[in-house]
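Here is a short briefing on one protein model. Please look over the sequence and the fold before reading the points.

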Amino acid sequence: MRCQRAAVLLAALLAASLVSTRVVVSAQGSTNRSSPWLTLTGNAPLVVARGGVSGVFPDSSSLAYGAVTAISVPDVVFWCDVQLTKDWVGICAPHVNLDNSTDIANVYKNRSNSYVVNGAALQGWFSIDFTMRELGNVKLIRGVLSRTNRYDENSLAITTVQDLIVNYTLPGLWLNAQHDAFFTQHNLNMRSFVLSVMQTTLVDYISSPEVNFLKSIASRVTSKTKLIFRFMGQGDLEPSTNHTYGSFLKNLTSVKAFASGILVPKSYIWPVDSGNYLRPYTTLVSDAHKAGLLVFAGDFANDVPFSYNYSYDPVAETLSYVDNGAFSVDGVLTDFPITPSEAIGCFAHVGKNSTAQANFLVISYNGASGDYPGCTDVAYTNAISDGADIIDCNVQMSMDGTPFCLSTINLIDTSLAAQLSFSNLTTKIPEIQSDRGIFSFSLLWSDIQTLPPSISNPYSYYQLFRNPKNKNAGKFLSLSDFLSLAWNSSVSGVLINIENAVYLAQNQGLDITDAVLNTLNKSSYSNQTLKKVMIKSTNSSVLTKIKGTSNYELVYEVDENIRDAMNSTIQDIKSFAHSVVVTKESIYPQSASFLIGMTNIVTRLQEFNLSVYAQVLENEFVSQAYDYYADATVQLNSFVMGAGVDGIITDFPKTAAAYKRNKCLGLGKNTPNYMSPVPPGGLVSLITATPMLPPAEAPDPILTDADVSEPPLPPVSARPPTPSPPSASSPPPVKSKNGQTRAAAHLLVSSVVGFLATLLLH
C-alpha cells in the first residue's frame, strides 16, 4: 500500500504542472520506407527506465517508478532487475547484494553472508537469505553516494514484480535476470519465476547475461516477448560458455539463435580514450542489424562524467547514439528517462540551420567558456559557430590604457600569469577582492598578449573538468579586435560588461567607460542598426553616464539573489536601463539544491517593459537543482518556457542554441510531458521525513531604491607612478548592494561527494 500511495502522490504532483497530452514519436514501423530512423525496425528508439527514475529517487522505489510516465515518451519501458527471495518472491533491486540499495545492514546487522557470484567472493546481505515478510522491514535508500539522500527516510518499501505490474500502467515491461546461475545454485529457479509472470502479464523484454538462461526459455516465449543477450565487460567471462563477452562480437549470428537483440555498455559503440575523449564509433550496431539483432545501449546516467566531446550535455550524448547519420541504436537504458525522451522526441533530425522555435537571446558567458579558456579568440569563434546570438566581452584595462576582454580583473583566475615572470606583481586590493591577485592594470597590453590563457574549472572539487585538451588554447583579444570579430560573424550583437569603474578612475587613473565608448565610436558599430550593442554593469552610475550618448541597450545586472523589487526601484532602473540581468536563483530559489518555488521577478520587470536575462546557466549537473534531472536542457526549458525570460547567459551556448531549435517548442497544449517546465517545489514536496527536509533559509531580499541609486562616477585621478601595496589593516571586502559580501563560489549540492568515489553500484 505504501508503494501504491507514493506512486499516486508523485503522479498527482507532477501532473499538476505537466501537460497531459502526449506526442507519439515512434515511426510507423519497418514497412514505412520513409522513416528517418536507422533502427532495425524503422521505429523510434525505445527509452528504457532502469529502476524507474533512479537518478533522483532510490532505485526501483515507488517514487522512482511513479515518476517515469510523467517525464518520458508514451512508450517508455519499465526496467526491473529481478532478484529472488528465500520464499521465491521476485523483487526489483539493482544488485544481488541488497546492502547496495537498502538499509538492510542496519535492520539485520548479524545476517550478512558471503557467496561466490560469477566466480568472485562477495560479502553482503542477499535476497536468498530472507523471506519477503522479513524484507518488509527493510527500506530503500540511494545506491549511488553522489545522489541525494533526502528520500532515504521516506520508508520506501522494496518493490516486488507483482507490485510493479499491479500498481502502475506499464507501456512496456523489461525483466532483467542477471544472476540465474547464482540462484540455481541455491535452489531458486529464475526460469520458473519469469515464466509464471508471463502467464498473466505481457513481458515485452527479458534480458540476461547468461546464455543458458536465455536458451532455456526461448521455446516458451511468444513473438511479443523479445529475449535480449546482455553483454558485460568485454574481458568478462560468460558463465555458461566460459567465453568472454567480447568474443561474441566476432560471431553475432550465433546470438541470433537464442536472442532477438543485444544490450551492450555504451562504450562498445562509442569507445573513449584514456583522456575521456571519443574514439571513432565501432561497427557493432551495423553488424548486429545485419545479423537481424536489435541493439540496446546501456550505462546512461546524467550525473557521472562522460566524454568531454559532449560538453556535459546528456542530450548531445544520446543523440550521438540515435541520430548520427550512420546508425541508430534501438533503445537506451538510462537512469534519467527524461533525457532520451527529449533527444528522441524533440531534438533528433533537427539540423543546425533549422528555424528557431523560441524567441529568446542566447548570450555567451565569456564566449564558449565551458569548452575553452574564457574571453579568448577560440572561445568567441566557437561561441559563434555554436549559434550564440550575442557574444560578450568583460572589459578590463591594461596599464597602458588598452581595453581588452578578460572574464575577471585578476589574471591569476584566467591565465598562467602567476606561473610566469609576473608572480612578483601579486598584491592585495581589498576594494576589488579579498584574495591576492595579479591585476590587469599592473601589466602592459603587450605583456598580457604573451600570457597563456587558462580554462575555468568551477567544479574541480567534484573532479569535473572542462576540456583538458584545450585548457590553455587561444589568445586574449583587445576590445577592438573583439568587435571586429563579432562584426564579421553571424551573431546579431555584442554585450560589453563594465565593472570597477570607480576604483580604476580613483586609484589607477583609467577611465574604463570612456575607453569602451571611444573604441565603439571608432568601430563599425557607431551609428548603425545592423548589430545590437548591449552594455552591462552592476553600477547604475556607469549606465547613467552612457545613457543618451547612443542607441545602445543598457543592461543593469543585479548581482545578488533577490525575490522581488519595489515599484519605485524598478522605475529607477528603467530611468537608466532597458533590461535587467538576474541570477537564476532569483527566479527559482533553491534550498539544498531543491527548487522551493518560483518568484514573480521576471513578470514584475517585464510589466515595466524591461527585458530580463537569467545568468549563469551551466551544463555541469552539480550546478543544477535536482529538479532538472541533471540535464541542462531541462534547466533551459524551465527558464524559457516556465519563467519566460527574454534571454539566457551561458558558458555553453551550443546547448542553448540547440534547445532553441528543438521541435517541441511552441506546441501549446500538445507539448509533451518531457518538454514541459518542471514544477518548482515538486521534488522537495515528496520528502516526507522532517529531518531530511532541506533546512529553512532566510528569504532573499527585496531590491530597494538604496540598492540601485549611486552617485555619479568620480573624475579620473592622475595615475600614481607606483601602486602602493595595501597595509595589514586594509578595510574589509566590498559589500554587494544588499549588504552581502561578493563571492564567486556557487551554491552546490551539499550531499555530493568528490567524484573519485562516485561509482554506480549496480
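This is a predicted model: local features need pLDDT of at least 70, side-chain atom pairs count only at pLDDT 80 or more; totals for chains, interfaces and linings use all residues.

**Confidence**
- Residues 1-9 have pLDDT below 50. This stretch makes 16 contacts in the model beyond near neighbours in sequence.
- Residues 15-32 also stay under 50 in pLDDT. The model gives them 46 contacts beyond four places in sequence.

**Strand β2 and its burial**
- β2 spans residues 77-84, and eight of its eight residues are buried.
- Both faces are covered. Val77, Trp79, Asp81 and Gln83 lie on one side. Phe78, Cys80, Val82 and Leu84 lie on the other.

**Partners of β2**
- β1 (residues 46-50) pairs with β2 in the parallel sense, over three bridges. Here Arg50 stands opposite Trp79.
- β7 (residues 173-176) also runs parallel to β2, joined by four bridges. Leu175 of β7 stands opposite Cys80.
- β3 (residues 90-92) runs antiparallel to β2, with three bridges. Cys92 in β3 is the bridge partner of Val82.
- Five residues separate the strands in the β2 and β3 hairpin. In this hairpin, Trp88 takes a positive phi near 70 degrees.

**Helix α7**
- α7 covers residues 190-198. Its buried residues are Met190, Phe193, Val194, Leu195, Val197 and Met198.
- Asn189 caps the N-terminal end of α7. One of its side-chain oxygens lies 3.0 Å from the backbone nitrogen of Arg191.
- In an α-helix, residues three or four places apart point the same way, because there are 3.6 residues a turn.

Methods. Residues are numbered from 1 along each chain as its sequence is written. Side-chain values use heavy atoms; hydrogens and water are left out. Buried means under 20% relative accessible area, exposed over 50%, partly exposed in between (1.4 Å probe, protein chains only). Helices (H or I, at least four residues) and strands (E, at least two) are DSSP runs, numbered from the N terminus. A polar contact is a pair of N or O atoms within 3.5 Å; within protein, one must be able to donate a hydrogen and the other to accept it, and residues adjacent in sequence count only if both atoms are side-chain atoms. pLDDT is the predictor's confidence in each residue, from 0 to 100. Contact means heavy atoms within 4.5 Å. Two strands pair if DSSP finds at least two bridges between them.
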